[in-house]
Amino acid sequence: MKLRLFCIFLALTVSVIYPPRVQAQDPSFVASVDKNPVGVGEQFTLSLTLNNAGMSGGKNLQLPDLGKFHVMSGPNQSSSMQIINGAVSSSITYSYILQPKEIGKFTIGAATIEVGGKKHSTSPFVLEVVKGSPRPSQQTGTQADPRAEIGDNLFLKASVDKNHVMQGEQINLAFKLYTRVSVSNYTVNKNPALTGFWGEDIENPKNISLTNETIGGKQYRVGVIRRMALFPTQSGTLEISPMEVQTTVQVQSRRSLDPFESFFRDPFGQTMNHIVKSEPIKIKVDPLPSGAPAGFKGAVGRFTMNATVDKHTTKTNEPITFKVTITGTGNIKLLESPIVELPTDFEQYTPKVSDNISRQGGRISGTKSFEYLLIPRFPGEKLIKSVAFSYFDLGKREYQTLRSPQIRLTVEQGAATAVPIVAGAQRGDVKLLSQDIRFIKVTNPSLSRKGEYFYARGEVAAMLLLPLAGVAGAFVYARRRQTAMMDAAGYRNRKAIKVAQKGLRQAEQALKAAGKNGMQVSEQKLQFYTEVSKALWKYLSDKLDIPPAGLSIEGALFAVSQRSTNGDISAALKSLLEICEMARFAPTSLELSSMQKTYDDAKRLIVELERILKSA
Amino acid sequence: MKSALTLLAVLVVGTMVVTGQTPEQLFIQANQLYQQERFGEARDAFESIVSAGYESGALYYNLGNTYYRSGNIAAAILNYERARKFIPNDDDLLHNLQLANLMIADRIEPAPRLFLWDYWKNVKDAFSLSGLTWLTYFVYVGAIGCICAVAIARTYRTRKVGAFGAIGSGMLFLILLVLLVAKVSDFARDDLAIVIVGVTTIKNSPDKQSTDAFVLHTGVKVQITDRVNEWVKIRLADGKVGWMEKTAGEVI
């Protein structure tokens with residue numbers, strides 16, 4: 001009662017300062033009891049509460065049939081006005097204290113009241129009267145555990161508008177806080193995990209407005225904590241996990257006999273933290289039917305499409321904006337950009353995507369637009385092919401494909417000075433662009449006839465062949481020189497016998513002369529042996545190709561024995577050469593007959609040697 | 001009056017072209033026109049030298065410059081690329097070609113190659129064709145001289161020196177000869193072309209009705225790998241392949 005009086009005081013104070021701004025909420029008329037069931041003979045309070053009827057209240061209150069109860073007192077009228085976070089709510093309560101007469105279930109019928117000419121009635125509810133003594137001790141003595149009391153009177157409820165949907169279909173989810181106690185504050189501890197959904201907040205108020213709702217005959221103050229639109233992104237059974245909210249509840253302080261204690265206490269009473277949790281919700285999601293068109297990317301709902309360009313005629317290097325707008329109801333935020341086939345010689349950038357979502361009436365709708373910036377680089381007639389967008393229509397339960405009309409563009413030649421600097425040019429390249437080309441060549445151009453190759457000319461062939469001729473000449477010269485050197489030995493070889501025979505003829509003349517003239521015999525003899533010796537040595541030198549200076553008897557014999565196996569010839573040659581040597585140093589000891597024999601031997605030996613050395 | 005003067009000028013230039021002027025004189029005149037910033041006339045004069053059957057690196061380079069100044073980037077690139085056959089390592093040419101390539105719409109990243117390929121290309125580009133030909137010729141003569149020295153040497157010492165010289169210069173000659181052959185075949189190749197039309201759609205097969213492979217714009221260098229009637233099969237530096245109408249490009 002203390003609190004209520006305070007509230008009235010506060011309401012009056014506020015209404016003086018601010019004129020009452022009663023929100024345009026419909027009046028409601030609710031009946032409730034403070035306990036259900038009640039024991040026989042136990043007193044209870046029936047409250048008929050008129051909400052939002054303004055301070056003037058209602059007229060013609062008509063009570064239901066209360067024949068089974070004793071009316072102990074009433075009606076007691078009390079009014080209150082609450083301003084919670086700027087929302088004004090007023091209520092007038094007519095309360096009756098009743099006492100049941102007998103055990104049983106009784107329906108308390110509708111009570112009616114007139115507000116502004118309109119009749120409002122309460123909904124009937126069942127009151128159970130059980131056998132049992134009243135528990136006055138609890139009422140009058142120490143209070144029950146406040147926590148247990150809160151548990152019954154404060155809970156969080158999650159609700160959905162449907163729990164069997166198609167993939168991509170919208171579900172409305174609401175979290176409501178029901179309370180019969182005074183909640184001064186709350187914080188969300190844990191938001192629900194929306195695995196498998198894409199969620200969009202419809203309402204996530206900082207200030208909650210309260211309404212009244214009666215469940216099982218008990219009246220609750222109800223506040224929506226959060227309202228969301230969910231779009232399942234996968235099929236199967238999905239679960240919305242609980243939300244957890246921590247509330248701060250005001251509880252009435254225990255009565256104290258000490259007046260000072262109550263004086264110092266918080267006039268609002270004690271506060272207490274209490275955590276409430278919603279129940280998890282299971283949602284069954286059906287997959288979309290098969291046969292989706294090729295361009296389908298998961299859009300579900302109902303959409304329209306519009307494709308426009310900002311101008312149909314442009315110049316090269318002047319950009320055009322091509323805009324595709326999709327409008328409708330459904331999972332609009334999840335829409336992907338449709339495939340746009342652009343002329344290949346347009347420079348294009350990634351589209352600018354913007355969306356505008358409306359939450360009107362709890363349905364997610366709005367527009368999503370894709371803006372393509374196109375820069376034509378070359379003149380001509382260009383064609384933007386039609387854009388296709390596919391979605392699943394929930395109303396018709398089938399796939400729909402929207403096509404935009406083709407768009408023709410005319411690109412004219414723009415200013416020629418515009419240099420297309422293509423993205424990806426190196427920094428060095430950009431630096432280079434600021435430079436100019438270098439000057440022409442003014443030196444002798446050294447022109448040549450086209451198709452006439454330097455290496456196909458006659459002079460070139462001559463220049464190539466001339467050194468080869470030089471090589472040939474060098475080889476011929478070398479060859480001839482070698483041949484000449486080779487011939488000297490061969491000549492001597494071949495002429496050896498003739499030279500020897502010529503020498504022997506001179507020796508024969510000397511021999512004849514020695515036979516005729518008796519005088520100067522020794523001189524003739526010496527000449528004879530000299531001639532024979534010379535002829536022999538000359539012959540051996542020529543034939544064996546050994547210079548005369550390097551020739552000795554042993555050397556000559558060795559060379560001969562190498563060429564011939566005949567030992568007689570070697571022996572004969574040796575004796576002949578020795579005779580000649582001896583005769584040259586002691587000529588007088590030799591007779592004419594031995595001279596003749598020496599001459600014959602020499603002649604025969606040369607012929608023999610000629611035969612052996614040639615055949616060897 | 002002014003138009004009469006212009007006509008006179010045109011007639012004078014025209015008769016100069018017709019009358020027996022040496023191409024060298026014409027070249028000098030075209031250069032003068034360029035210096036007077038009469039790029040159109042200079043271009044025509046250079047073109048008349050080319051159409052008379054003459055060519056050189058300087059001629060194509062200057063012609064490329066006149067096209068660049070006239071705003072025809074594709075023709076400029078075409079002539080720069082032709083000049084590159086004669087003067088592959090000319091600094092001015094490479095600068096202008098790089099600049100012209102920045103002006104075209106398509107940016108084609110060449111497919112990565114083995115580094116040896118780059119070395120080989122650099123070595124090839126280090127010589128002009130005539131320079132390399134002369135170098136090869138001198139090494140050839142040197143090698144032959146060494147062989148002659150070996151042939152006619154009287155002493156062992158000269159023969160040894162000659163033999164070493166012959167082996168060394170012979171090997172150098174073979175390397176240069178390979179380089180020269182590669183260079184000549186590069187010079188003679190006719191499978192590189194420049195896209196000269198504004199924009200052309202490259203098809204997947206040589207047929208107008210065929211699906212589009214990609215789009216090329218003016219100035220892009222392509223390699224021709226096959227020819228069928230009015231179509232050529234092309235390959236880009238990044239490895240893309242398609243069929244292009246023959247008239248869309250001009251062979252370098």
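Chain B has nine helices and eight strands in its secondary structure. Keep in mind that this is a predicted model. Of the 252 residues in chain B, 34% are buried. Now take the contacts in chain B with a separation of 6 or more: 56% of them join residues 24 or more positions apart.

Next, the place where the two chains touch. Here 39 residues of chain B are in contact with 37 residues of chain A. On the chain B side, six elements supply at least two residues each: α2 (23–35), β1 (54–55), α4 (57–70), α6 (91–102), α8 (129–152) and β4 (212–217). Which of them gives the largest share? That is α8(B), with ten residues. Sorted by class, this side of chain B has 22 nonpolar, 13 polar and four charged residues.

There is also strand pairing across the two chains. The bridge partner of S448(A) in β1(B) is E55(B).

Last, a sheet within chain A. Three strands form an open sheet in the order β4-β8-β9, and the pairing is antiparallel. Which strands sit at the edges? They are β4 (59–62) and β9 (118–121) of chain A, each pairing on one side only. Neighbouring strands in this sheet are turned by 20° against each other on average, ignoring direction. β4(A) and β8(A), the latter covering residues 112–115, pair over two bridges. Across that pair, Q62(A) stands opposite T112(A) in β8(A).

Key: Residues are numbered from 1 along each chain as its sequence is written. Chains are lettered from A and ligands numbered from 1 in the order in which they are written. This is a predicted model: local features need pLDDT of at least 70, side-chain atom pairs count only at pLDDT 80 or more; totals for chains, interfaces and linings use all residues. Two residues are in contact if their C-beta atoms, placed from the backbone, lie within 7 Å. Helices (H or I, at least four residues) and strands (E, at least two) are DSSP runs, numbered from the N terminus. Ala, Val, Leu, Ile, Met, Phe, Trp, Tyr, Cys and Pro count as nonpolar, Asp, Glu, Lys and Arg as charged, and the others, Gly among them, as polar. Two strands pair if DSSP finds at least two bridges between them. A residue is buried if 20 or more other C-beta atoms lie within 10 Å of its own, exposed if 12 or fewer, and partly exposed in between; C-beta atoms are placed from the backbone. Axes are lines fitted to C-alpha atoms, for helices over the stretch in contact, and angles run from 0 to 180 degrees between N-to-C directions.
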